[in-house]
Amino acid sequence: MLFLRKAPNGKFRVIGVDTYDGENWVEGDFDTLEQATKHAYEHTKDKNMLKMHVYDDTGHHRYEAGRY
């Protein structure tokens, strides 16, 4: 899947990565960093081989959750 890590202006993009098979996807775009990091944390908690990354509207990596 081809997508941009850069979130839309003023948003934060969460990208999910299945570290077992290498699949990745846009989990969603959020209005605040707090909302994005909370979503990433809550959706990877107690799971293996799932990571989520948060990027800002400049494409910079801001947060990482989950484990291999």
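## Terms and model

A residue is called buried when its relative accessible area is under 20%, exposed when it is over 50%, and partly exposed in between, using a 1.4 Å probe and protein chains only. Helices (H or I, at least four residues) and strands (E, at least two) are DSSP runs numbered from the N terminus.

This is a predicted model, in which local features need pLDDT of at least 70 and side-chain atom pairs count only at pLDDT 80 or more, while totals for chains, interfaces and linings use all residues. Residues are numbered from 1 along each chain as its sequence is written, and side-chain values use heavy atoms, with hydrogens and water left out.

## The helix α1

In α1, the buried residues are A36, T37, H39, A40 and T44. These residues lie on the same side of α1, because they cover an arc of only 160 degrees around the axis, the arc being that of the directions from the helix axis to the C-beta atoms. An α-helix has 3.6 residues a turn, so residues three or four places apart point the same way.

The buried residues of α1 pack against β1, β2 (24–30), β3 and β4, where contact means heavy atoms within 4.5 Å. After α1 comes D46, which has a positive phi, near 65 degrees.

## The residue G66

G66 belongs to strand β4 (residues 61–67), and with a relative accessible area of 36% G66 is partly exposed. Leaving aside neighbours within four places in sequence, G66 is in contact with T44, L50 and K51. Although G66 and G16 are 50 residues apart in sequence, they are 9.6 Å apart in space, C-alpha to C-alpha.
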